[in-house]
Amino acid sequence: MSFIILNTLRRQCVSQFCTRLLQQSFLTTTSRGFRIAPNACAPKPHQKDEFSHLEAAHSPDQFGTLSPQVDEPETPDEGDLKEEDFLQNIPAPGQKLSVRQYADLIKDHLKNNRIREALDVVEVRMKQDRVKPVNYHFNLLIGGCARVGYSKKAFQLYNKMKQHDLKVTGGTYTSLFNACAVSPFLGDGLKRANQLREIMLEKGYEPNESNYNAMIKAYGRCGELKTAFQLVDEMVARRLSIGTDTFNFLLQACISDREYGFRHALLVWHRMHRMRISPDRYSFNLLLRCVRDCQLGDLETTQQVIEQILAESIVELGNGGKQVPAIEEPSVEAVERSEEDNAEQQQKLATIVTNRELTERLNHEGVPDLLSPQPHLGSLVRLGEVRKPEDRLLLLGGSSNVFAEMRRCGAEPDIRTITELLDVIPSTYAAEKQLLGTIKQLKLRCDIDFFNILIKKRSMRFDYEGAKDVLYMIEAANLEPDIVTYGVLALGCQTQEEARSLLKMMHEADVRMNIQILGAMLRQGCAKQNFRYVTEILQIVRRERLKPNEPFLRHLEEFGRVCEKRDREYDAKPRKRGRDEFKQEYNRYRMQLDAWREHMGLQGLALDQALGIVREHPWEQFKEPQAEGYEAVKNPKLRHKRKKQHSIRRVDVEAIEEDDDRGQGKEHDQTNEVKLAH
C-alpha cells in the first residue's frame, strides 16, 4: 500500500518538474527571439488548402461577416445619377447667357404664342446652365400665361418666385389679376382673385392704380360686379387717379351681367360724364357690346334708374357743369356738416325731379337719347317694347347719334366700331347700306372680319343668296377669305350639292376643313331632316379623322329626339302619307349612326358622357410644344396683324338694292346686288 502511494507522489513530482522546465525554455526562447525557416510552414506545391476561401469569408471568427452579402442593384439610384451628372457635366462658360439674353428668349417665344417653350427657358434651359432666374424672368412668364388665361401656371410661377426668395413687385400682382380675369373657369378665377387680395392685405401692400384696374377687370369679368364697384370707391377714398381705363373695365364688368348689364352700363356712362372723363374709342365699342349682349332687367327698376340719370344731369346743369363733390375727398368742415348737407341735397333733388324741365325731358319728342350728357327719353312709349339689340340702340339715339357723340368726345371710330354696330343695327338691307355708306364717308379700311359678320348676319335671317354676294365685296376690297369666312358660308349650305360646292372651293383655296365648318353643315342637314345629308357629313368626319366637338354632338342628339318623335307619330298613324319612305331612311340612318359612334368610341354613351370625352381642356394646348413653323404660317395673332386692309371705296354702295323682303327667299339677279367699280 505504501509502495503505491510512493509511486503516485513520484509521478506528480516528475510532472511538475517537466512543466516548469518547459515554461522556462519558452520564456528564454521568446526573450532571445527565434526564426522560422521560410519553407517550414509553407504548404506543398500540389497540396490543396483544407480551409476554403468561401468558408473563411463566412467564418464567424472573421469581423464583418455576420450580415449576408447583398448584390449591387441592377438599376442605379436616380438621385445618384443626377448627382453624378451634376458633378461631371459642368456647363462650359460660353454656354451660359446673360439675364437679358434669357429674357429675350422668353419674349420671342411669348410673342409667337409658344407658351411651353417660354416656360422651358426657365424650367429646363436655365436649370441645365445652372443659372438662377431673377424676378424679371418670372414676371415675363406670369404675364405671358395671364394673357392666354393659363391662371394655374401663373400662380405656380408666383409660388416658385416666393420659394426662390425673389421680390414680388406690383407688376406681378397686376399680371396675376389679369390671369384671373382671362381664366376660362370663372369660379376658379374668382377664388384665386380673393386669395391674392387677402395676401396683399396680410403683407400690407397698398395697390397702385394699375393693380386696382386689374382687380376691377378680374372681379368684373368673373361676375362679381359689387366688388368691382367697391374697388372704384376705394380708389376715390385713397385719392388715386381714375381715368378712362378704369371705366372701361367697369363696362367690361357690365357685359358679364347679361340680365341687367345694359342698365349698369348707362349708370357707368353717365358717371363718366359727371366726373368729366371723356370716353375713348374702346369705351364706345364696349358700350355697343353691352347693347348687343345685355338686357334692361326689371322694367320698374330700369325706369327709376333712367329718371335718376335725368335728374342728376339736371342737377349738374344747375351747378354750372361743375364736377360733383362725391368724387372729391371731403374736408374736415364737410365731414362735420355731412348730415346737414345730405338732407339739403336730397330735398333739393326731390324738388328738381318734380320741376318742369324733368317733365319736358320725359315727354321729349323725337328719338330717345340716353347717350349724351343731357339725356332724354324722346317719344318712347314704354320700356316694355325694348327687347332686341336694335331697340336698345334706339335708346342711345341710333347709330347716327353714336357717331355724333364720338365726334364730340374726340374719339375716332375704327373698323371694330363699325363691326360692333353691324351686330346691333336692324337686320335689313337698308340699314346695311347706310352703314356701308358711313364706311365710305369716314374713309375707313375694312378687314375680313367685317365681311364675315355681314355674311353671318345675312345667313341668320335666311338670306343665303345675299350672304354669297358678300364674296364679291371681299374680292372688290382686294381681300382673301379666311377659315371663318368658309365657316359662316357653311351656315347657308342647305343641300348636299351646296355643301359639296363649298368643300370644293375650300380644297381649291388649299384650306383644310375643320369640325366647326362641318358642324354648321350638320346643323342645316338636321334642320332640313335630310338623312343623306347628315350621313355624308358623318362620313366626312370619319374619313378626315376629325374629333367631334360639343355643338356637333348636341346637333345629333337634338336631331335624334326629333326623329324619334316623328317615328312615334307615324306608328300612331300607320296610314299617314310618307311613312314608308321615312321608316326606310330612318332605319338606314340609325345603322350608319351606330357604326359611326362605334368607330368614334361613343357607342352606348349618354350625351353627358360623350361630351366629357370630346371636350378638350383649355390648358392642354400649353402643355405640348408647338410644331416647327407654326408661328410663321398659322399663328392666329400673327395672321391677324398681317391681314390686308384696303378701302371699301371700290365697292359701289349705291348699287346695293334696298329690298327688305329679300330675306323671304325671293330670287334675284346677283349682278344687280353688287357691282364692282373698276
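Begin by selecting Glu123 with its contacts (heavy atoms within 4.5 Å): leaving aside residues up to four places away in sequence, Glu123 touches Arg116, Lys153, Leu157 and Lys160. The model is predicted, so local features need pLDDT of at least 70 and side-chain atom pairs count only at pLDDT 80 or more, whereas totals for chains, interfaces and linings use all residues. Residues are numbered from 1 along each chain as its sequence is written, and side-chain values use heavy atoms, with hydrogens and water left out.

Stay on Glu123, which belongs to helix H5 (residues 115-128); helices are DSSP runs of H or I of at least four residues, numbered from the N terminus. Glu123 is buried, at 19% relative accessible area (buried means under 20%, with a 1.4 Å probe and protein chains only). Now display its polar contacts, here pairs of N or O atoms within 3.5 Å, one able to donate a hydrogen and the other to accept it. The Glu123 side chain pairs with that of Arg116 at 3.0 Å and with that of Lys153 at 2.8 Å.

Residues 134-168 are 74% helix and 0% strand, with end C-alpha atoms 11 Å apart.

Finally, select Phe450, one of the residues with the most contacts inside the largest nonpolar core, which has 153 residues. Such a core is a set of buried Ala, Val, Leu, Ile, Met, Phe, Trp, Tyr and Cys residues joined through side-chain atoms within 4.5 Å.

Notes. Helices (H or I, at least four residues) and strands (E, at least two) are DSSP runs, numbered from the N terminus. Buried means under 20% relative accessible area, exposed over 50%, partly exposed in between (1.4 Å probe, protein chains only).
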